[in-house]
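User: Please examine the annotated sites of this model with me, residue by residue.

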Amino acid sequence: MSALAHRSFSKMNGIGNEIVVLDLRARPVAVSAADARAIASEVPYDQLMVLQPPRTQGTEAFVRIYNNDGSESAACGNGMRCVARQVFAESASDALTFETKAGLLNCWRGASPELYTVDMGPPKLGWKDIPLAEEFRDTRSIELQIGPIDAPVLHTPSVVSMGNPHAIFWVDDVNAHDLARFGPLLENHPIFPERANITLAQIVDRDHIVIRTWERGVGLTKACGSAACATAVAAARLRRTNRTVHITLPGGELGIEWRERDDHVLMTGPAAFEFEGRLDPALFAAASS
């Protein structure tokens, strides 16, 4: 029988981003891509946040992040807020630190109940760090388009890494484009050797951006916290917005600050608990057969 059988999990969401939190700190076990896909078949999610025992002193856990196709991601802002909510429930502290493949992430209780802030760290802006398959000296705008050469539907995105690669296409109306059609093509474009999250971004004013995202390994999603962070950074780099903005996503609102003094990106938003459950042993029998 799988060591994951009967393990308890929490189903949560961050402004519509469907999250499953699996806390394995007390009884750690490895989680494979097949396990992650099996769990998604029982409890549909965008990201699975697996808490393993801490590897670094002063942290609460090492968090591994899986997309629903079984692939791993180094960052998930909405998922980290859900993790923070769960761990804050057992802690008297107002600040916690977690480790992910993207590095150490600090989290704080927000100014009101249900609000949490995650320090997503500094963005990566160099073409090798994002990464891209070829050199672009200025990643504020790269040569990439969908549609006819003389009348492209989408073109010249900004690219940023927030621990995962993002391409942001600037549009007048995020709902005027068939993101479900173009998203898979762009996610898997050869320019992105690790695939990419694809975002349509509409500047409302210097303090407000509206976005929709096709998430790498997930598809269309109601919310993507790292995409909101990447978009805020990209817009500020182009001097189209201030460094503190609020971002409207299909699932709700996030506050993003690209802090000037240390280059870190802070994301503030809600995290909602839905229900608890236990993993069915039959899931893993099917996954291993």
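Predicted model: local features only at pLDDT ≥ 70, side-chain atom pairs only at ≥ 80, totals over all residues.

Analyst: Residues are numbered from 1 along each chain as its sequence is written, and side-chain values use heavy atoms, with hydrogens and water left out.

User: Which residues does UniProt list for "active site"?

Analyst: The annotation comes from an unreviewed UniProt entry; such annotations may be inferred rather than shown by experiment, their positions follow the numbering used here, and feature names are shortened. The listed residues are spread over 149 residues of sequence, yet cluster in space with a largest C-alpha distance of 7.5 Å.

User: Is C224 buried or exposed?

Analyst: Buried means under 20% relative accessible area, exposed over 50%, and partly exposed in between (1.4 Å probe, protein chains only). Because its relative accessible area is 2%, C224 is buried.

User: With which side chain does the side chain of N78 make a polar contact?

Analyst: The UniProt "binding site" annotation, also from an unreviewed entry, includes N78. A polar contact is a pair of N or O atoms within 3.5 Å; within protein, one must be able to donate a hydrogen and the other to accept it, and residues adjacent in sequence count only if both atoms are side-chain atoms. N78 is buried, with a relative accessible area of 0%. At 3.2 Å, the partner of its side chain is the side chain of N17.
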